[in-house]
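Please keep the viewer handy, as the points go from the overall layout down to single residues.

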Amino acid sequence: MRANWQFFLLALLMACTLWFMVSGREEVEAWAKMRIEMKGMPPNLIVMQGLEPTVDVRVRAPKGLLRGITDRQLAYSLDLSALTPGVNIIPVQPERVPLGSAYEVVEVRPSRLTLNVDSIESRDVPVSVQVVGSPATDMKVTGTTAAPGAVSVRGPSSLLLQVEGVEVVATVPDVTEPGVVEVPGIVNVPEGLEAIPPRVQVAFVLSLKTVRREVVRTVEITAPESLEVKAKTRRVTLQLELPESRSTDAELLESVQAALEVPENLEPGTHSLPYRVHLPEGVWMRSATPSTLSVTIRER
C-alpha cells in the first residue's frame, strides 16, 4: 500500500477533475436583470409611458458559466430612432441580447414595449401673481404686477394643451413703508413642463392699512393781555386717519389738540382766524369743521 500511494493520489486527482468537468458543463437556466439603454431618440419627442428601466432575460448555459452572469452588467440597446407621436410598439429581440455564443437566450420579459410618445412643443402664456405670506403690521397689498407678463412654457403637447396660464409665486416683502417693492417670483408650472424664464420680477404695491376716527376738541386760545377775545364757538370736529393697529389707542387720540394764537397787532373787530391742530406722529387729519374760528377782538 505504501508503495502505491502515488497511484492512489493520481487516481483521486483525476476523479476530482472529471467530476468538475461533468458538473461544470451541465446546462442550467437562470433569470437575470438587463437594463435598457436608449439610442436615436428624436429630440422633439418624449416617451410619456411604457419605457421600463430593465427587462428580465432567461438564459441557458453551462452551470460553470451561468454562475457569474447575474454579476455582469447586462444592457439592451433600444433603438428609438423610428418613434412617432402616439403609441409605438417596440419588440425586445432575444437575438440582440449581448451574450456570447455559449449562452442561449430562452426568453425575455416583456417581449415588447408599448411606448406612448408625445411631441415637445412650446407656447407663450400669461402669468398671474400668487401672493404668499402676509404683509407687515398696518400694511396691505393693493396691487401686483409681473414683468414680463408672459412666459414660454415647453413640454409634451398633451400637457401643454391644458395650460391657459401659469402662476408666479412671490412672497410679500417685509417692509413697513408704503410704496412699490420688487421681488423675484418663481414661475409655477405643472409637472412635466418647464417655464422660460423660470423666474420673473414681481412688483408689490404696498399701502398703509388705516382707519378713520372723529374727535371733538375745544380750541385753546391765547392772546396778548391788551386784547379781550371772545369766540362764537371753540369746539371743532376733526376727522383723523391713523394706523389700524393704533385705532383704539386712547392716549394717542388724547394727544390731538387744537390751538389758536391771536396776533398781537390784530385790529379790534370780528375776525375769522385759522387754528392749528397738533397731531402725533402717524396720525393724519382729513378735515376740520369749522376750519376757522370766528372771534371778536376788543381792547381792554
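Predicted model: local features only at pLDDT ≥ 70, side-chain atom pairs only at ≥ 80, totals over all residues.

**Nonpolar cores**

- The largest nonpolar core holds 25 residues, and V57, L83 and L115 are the ones that touch the most other members.
- Strand β3 supplies the largest share, with four residues.
- Another core, of 22 residues, lies apart from that one, and its members include V183, V189, A195 and V200.
- Beyond its neighbours within four places in sequence, L115 is in contact with V47, Q49, G50, L51, L80, L83, G86, V87, N88 and I90. L83, one of these contacts, is also among the residues that touch the most other members of the largest core.

**A closer look at V151**

- V151 belongs to strand β9, which spans residues 150-156.
- Is V151 buried or exposed? Its relative accessibility is 1%, so V151 counts as buried, the cut-off for that being under 20%.
- Once neighbours within four places in sequence are set aside, the contacts of V151 are R123, D124, V125, V127, V166, V187, I196, P197 and V200.
- V187, one of those contacts, is 36 residues from V151 in sequence, while their C-alpha atoms are 8.6 Å apart in space.
- V200 is another of the contacts of V151, and V200 is also a member of the core of 22 residues.

**The antiparallel sheet β14-β17-β21**

- Three strands in the order β14-β17-β21 make up an open sheet with antiparallel pairing.
- Which strands stand at the edges? They are β14 (210-218) and β21 (284-289); each has a single partner strand, so one side of each is left without a neighbour in the sheet.
- From one strand to the next, the twist in this sheet averages 20°.
- Nine bridges link β14 with strand β17 (residues 235-243), and the two pair in the antiparallel sense.
- Within that pairing, T237 in β17 is the residue that stands opposite V216.

**The mixed sheet β15-β18-β20**

- A further open sheet of three strands has the order β15-β18-β20, and its pairing is mixed.
- Its edge strands, β15 (220-222) and β20 (276-278), each pair on one side only.
- Neighbouring strands here are turned by 30° against each other on average, direction ignored.
- β15 runs parallel to strand β18 (residues 257-261), and three bridges join them. I221 stands opposite L260 in β18, and E220 has A259 as its bridge partner in that strand.
- On its other pairing, β18 is joined to β20 by three bridges in the antiparallel sense, with V277 in β20 as the bridge partner of A258.
- In a regular strand, side chains alternate between the two faces of the sheet.
- How do the faces of β18 divide up, and which residues are covered or uncovered? The covered face has A258 and L260, whereas Q257, A259 and E261 make up the uncovered one.

Methods:
Residues numbered from 1 in each chain as written. Heavy atoms only, no water. Pairing = 2+ DSSP bridges. Axes fitted to C-alpha atoms, helices over the stretch in contact; angles between N-to-C directions. Buried < 20%, exposed > 50% of the residue type's maximum accessible area, 1.4 Å probe, protein only. Contact = heavy atoms within 4.5 Å. Core = buried A, V, L, I, M, F, W, Y, C linked by side-chain atoms within 4.5 Å.
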